Structure formats: C-alpha cells, structure tokens
Amino acid sequence: MSINLRTVYAFAREMYPKLSTEYIQYGTAGFRGKAEFLDSVMFRMGVLATLRSRFRGGAVIGVMITASHNPEPDNGVKLVDPKGEMLDASWESIATDLVNVSDQDLEQHVAKIIKDNSIDITSSSHVFVGMDNRYHSPRLLKAVADGVIALKGNVREFGIVTTPMLHFFVVAANTKETYGKPTEEGYYEKLIKAFELLRNGQLENGNYKNNVVFDGANGVGARKMLQFIKRMNKSLNISVINQGIGPGKINDECGADYVKVLQRPPISMPVVEPFTRCVSVDGDADRVVYFFTNEKGEFQLLDGDRIATLVAGYLMDLVTRSEIDLRLGLVQTAYANGASTDYIVNELKFPVSCVPTGVKHLHHKALEYDIGVYFEANGHGTIVFSDHAKATIATASETKASAKTLLLLIDLINETVGDAISDMLLVETILNHKGWDVKDWISTYNDLPNRQLKIKVQDRNVIETTNAERVCVKPEGLQTEIENVVSNYKRGRAFVRPSGTEDIVRVYAEAATKEDTENLAYEVGVLVQRLAGGVGPELTK
Ligand code: G16
C-alpha cells in the first residue's frame, strides 16, 4: 500500500480547513468546545487514530464523538486505546500539536509524527467510530472517517452509541471476542444475561422493590435504555424520562451533572412514591447518580461516592466469603465527600487513594489492585479485575457460591470505562441481594453538605494545582487565602481547579452544615473572581 501524505493536506484544505487560530488543548477527556469549530479537529483525530492503530500493531482504536455532560451546542471527541482505556497520556501532547498546526504545515507535521514514533505507515490500521445524538455529531463523524480514509485506514462506523458501548466494541474486537461480541447486540446480550442470572428470578427482596425511574438526559442513554427494556425479561421495571423526543435538549435541566451539581431532580420528573429509586445518566451515558425524595418531599442524592462504597463493601464481603486472598482498593478524587472517605477508611477498612480528576487517572490507579474500584463523585467509574483476580475467582467458583456471584458480576461490569447502564444494573443487583431500599443505602454514613460553583474567568489556565488538585499553586496567594477562609468553618474543606471540559473554574466546598457550606463556597468563589481574573457577574449568595 502506498500512502501519499499530500492527501491529508488536500482533505484538510478542501473539506476541513482550520477556521480558528485559537489554541485548543487536550482536556480532561479529549477535545471539547463549540461544534462549529470542531470539523478540523475531528478530521485530524481520524488521522491520529489511524496512526495510533498502526503504532499499536494494527489494534483497533476508538473515536467517540460526544461532548458528554456539556450543553447541546458543544461537541467533542474521546479517543479509546486498545485495552479500552482513554488515549495514553504520552499521546495527548501529540494530539494537541496535531490539532493546532496550520493547514499548510499539516503534511510535514504528520510526516514528523510518523518518523518520531517509527510508525510503519503501510501496515494495517483499524478505527471504530461512534457518536452521541447531538444534531452536529453525524457531520463530525464524517470528518473523523475522512481522516482515517486519508491515510488508507479501515474505519467502522457504529452510528449512535453510548461512549461505554464504543469502549466495549474496541476491547471486544481487540480480545478476539473474549470480552464479548463487538456489536450492539453483543453488548446487550452480555450485560442482560449476567444481570438476569444474578437476579435468579428474585425480583423483590426485603425492602428492595423492582421499580426504577431512569432520566436519560435527552441523550443516547435514553435510547439505549429503551433497547435494554425491549430485551430484558421484565427483570426490572424501568420508566424512562427525558427520552430525547420532543423539544427537550441534551443535559438541559436533566441528566447526572445537573442533578449532582444543583442537587435537585431533573425536569419532567413524574410524581412518585417517596423513596422511589431514580437514576440520572449524562449525555453519553458514562456516568450515573441515584436520587429520591423522602417522606417530607426532600431531595436526597446518592452519588458516585455512594455507589463506590456500596460496591466496595459488597465485593469485599464476597471475597471474604469466597476465602480468597485478593488486594482490593478504591480510587477517588478531591471531589469525594469527606464523610465517604472516612467511611471507607474507618468502617470498610479499604485502602483508598486520591488522584486528579479524569477517569483516565482513576483507571490507571485502579489497575494497581487485584480488584480496583474507582468512582468520581459525579458518578463516573467502574471496577477493574486483574487477570490474577479473574483466575482466582474462577477456581473458587467451582466450590463457593459467593465466588460464582463474583464471576457473574465481572460479566455485568463494563470494565473498560465508566458505564452508566452497567453501573446501574450493578447497583440494582447489590441492593436486590442485600434486600435494601434507598433508606438502607443512604443510612450507611451521613454526607457532609457540599456545594460546587462554576466561575467564569478570563483564562482558566492561570490556575495551577498540585497534590491531586487539592492545593492551588497559582495564582500566588490564592491558596493561603483559601486556607484562611476554610479555617473559619467546622469540618471545612475547599479547593479550586480549572475545568478540562468547560471554559470555567470549578469551586468545591464542604463543611459541617448546609449554611456553612454555602458561605464557604461563596467566599472561595469571590477569591477566585478577585485573584484569578473573574469576568462573570458578581457572585451572589
Ligand atoms: C469528563 C471526564 C470526567 C470528569 C468530567 C469533568 O466527564 O471523563 O472524568 O470528571 O469530565 O471534568 P472537568 O471537571 O475537568 O470539567 P464527561 O462525562 O463530561 O465525559
């Protein structure tokens, strides 16, 4: 096969010219921004994925077109490496350089990537592409596909799928179907089979009732959940709201991010009995949170920390009962509620580590354990099992029922990345086995009141952090001022960091009471506005 890099330039010039010279940065989960400026980014990511596939000996690389939790006008791209993880950190700067180079320099720049990484450009390459249901996604998908075609790679399009489905397909193909079949049906089949075997005909148990309300955020998760329902043997009654039909916009007043950050139910919530389990996923269905209202009509959230603690406790119990010796660990970020960390360390006696925001960081840390549980407070996470863990569990399952359960759980869990639907089915399984309702679940510990703010600044990169984002090192003086403010609040904790997906600075605060938390968040927000170039309206309490 002969490849002429001139073609890459020709495609770029004629079809995907760079419309803006503004520097674009690889963020927490790839590139993200206003959809109208992303055509050239997408074309170049098609090129990059093809090079990456050749670099990895022809393994399948995934490209997902989505802006996940962001508002409808935004779009973005997530790259999936052969084992289902996010693109290796060492290639993030290659990606950034590639999207920022001018059209004129593109041909030469691609030649340099090929040379620097000793890529055999004539070898085979495979790229899987999927998209969310934003109206601009098909246009951007075509740009990615053209990037692959420009380098004579093989592209397979999956159409509208959730992000975790695309991760699943990539791993399924790269493991020669040991992980599952790389098709939509293969995905549904694997998860539903494991879920129904784990249910074993027991639909209700103790306080556990077999009903759940599912907020699909007007995104692809809603569509796919409807497909699940069609294929499930009535093993769970799921009513889907915010299905993406009609005027509702993706993530607008609904979805996991809205529910978690604003701590309120999504739009279109039907009137339900107090304590009914409700679930919200985000626009590409890779994160999930639970919520309910109590008998006083008060909103109660069960976020990623709650899911992590529920799962960790349950897995530990199964491992103990199976009499096997495996190293379990839990990974969180600075956003984890202090009460959840206390519970994990003091009650569950689980080793816990804290890493920077971004599932890419959590996933890598979790791989250090035999069973690594990772969840961000926003509901993004999964569980990874080492080969040693899988083999040990398989052997034990010949004699122990608890190990048999563990083996089925491995099939239910989408280990490749956080998967809202798989995570939800896992939570439903655990609650069902324990005979728990949300009251039992939430009573395991008391969350500290917490609050997040989004602050607009001129340039969010003036903020730099260290120590897993818990300490701000720039601009100078901001950290000392934050510490001064925090010291006035009982159980106070606060940090600030630039978002890697939105053009804002995030403020997190927690304290002993709700009022203190609101005041602390406000005070820190004002500090950010004053010391980091705030541009938004003045903050009000
Ligand atoms: C992405 C990442 C998450 C991260 C979130 C927010 O989620 O995959 O790990 O927590 O962005 O990141 P930031 O605070 O930097 O904006 P998603 O669901 O938007 O893909």
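1. In this predicted model, helix 10 (residues 304-321) packs against helix 15 (residues 420-434) at an angle of about 55°, and the two axes are 11 Å apart. Helix 10 and helix 15 are therefore oblique to each other, and their crossing is left-handed. On the side of helix 10 the contact involves Ile-307, Leu-310, Val-311 and Tyr-314, which meet Asp-423, Leu-426, Val-427 and Ile-430 of helix 15. Sorted by class, the contact of helix 10 with helix 15 holds seven nonpolar residues, no polar residues and one charged residue.

2. Helix 13 contributes Lys-390, Ile-393, Ala-394 and Ala-396 to the contact, while helix 14 contributes Ala-403, Leu-406, Leu-407 and Ile-410. The class count for the contact of helix 13 with helix 14 is seven nonpolar, no polar and one charged.

3. For helix 2 (residues 39-55) and helix 5 (residues 137-150), the axes come within 7 Å and cross at roughly 40°. Angles under 35 degrees would count as roughly parallel and those from 65 to 115 as roughly perpendicular; helix 2 and helix 5 are therefore oblique to each other. The crossing of helix 2 and helix 5 is right-handed. Residues of helix 2 in this contact include Asp-39, Met-42, Phe-43, Arg-44 and Met-45, and they also include Gly-46, Val-47, Ala-49 and Thr-50. From helix 5, the residues that take part are Leu-140, Ala-143, Val-144, Ala-145, Asp-146, Gly-147, Val-148 and Ala-150. By class, the contact of helix 2 with helix 5 divides into eleven nonpolar, three polar and three charged residues.

4. Two points of backbone geometry deserve a look in the model. The peptide bond that leads from Lys-474 to Pro-475 is cis, its omega being near 0°, and Pro-475 is placed in the loop between strand 17 (471-474) and helix 17 (478-486). Ala-217, a residue other than glycine, has a positive phi, near 60°, and Ala-217 is found in the loop between strand 6 (211-215) and helix 8 (220-231).

Methods:
Residues are numbered from 1 along each chain as its sequence is written. This is a predicted model: local features need pLDDT of at least 70, side-chain atom pairs count only at pLDDT 80 or more; totals for chains, interfaces and linings use all residues. Axes are lines fitted to C-alpha atoms, for helices over the stretch in contact, and angles run from 0 to 180 degrees between N-to-C directions. Helices (H or I, at least four residues) and strands (E, at least two) are DSSP runs, numbered from the N terminus. Angles under 35 degrees count as roughly parallel, over 145 as roughly antiparallel, 65 to 115 as roughly perpendicular and the rest as oblique. A crossing is left-handed if the near helix is turned anticlockwise from the far one by less than a right angle, and right-handed if clockwise. Two residues are in contact if their C-beta atoms, placed from the backbone, lie within 7 Å. Ala, Val, Leu, Ile, Met, Phe, Trp, Tyr, Cys and Pro count as nonpolar, Asp, Glu, Lys and Arg as charged, and the others, Gly among them, as polar.
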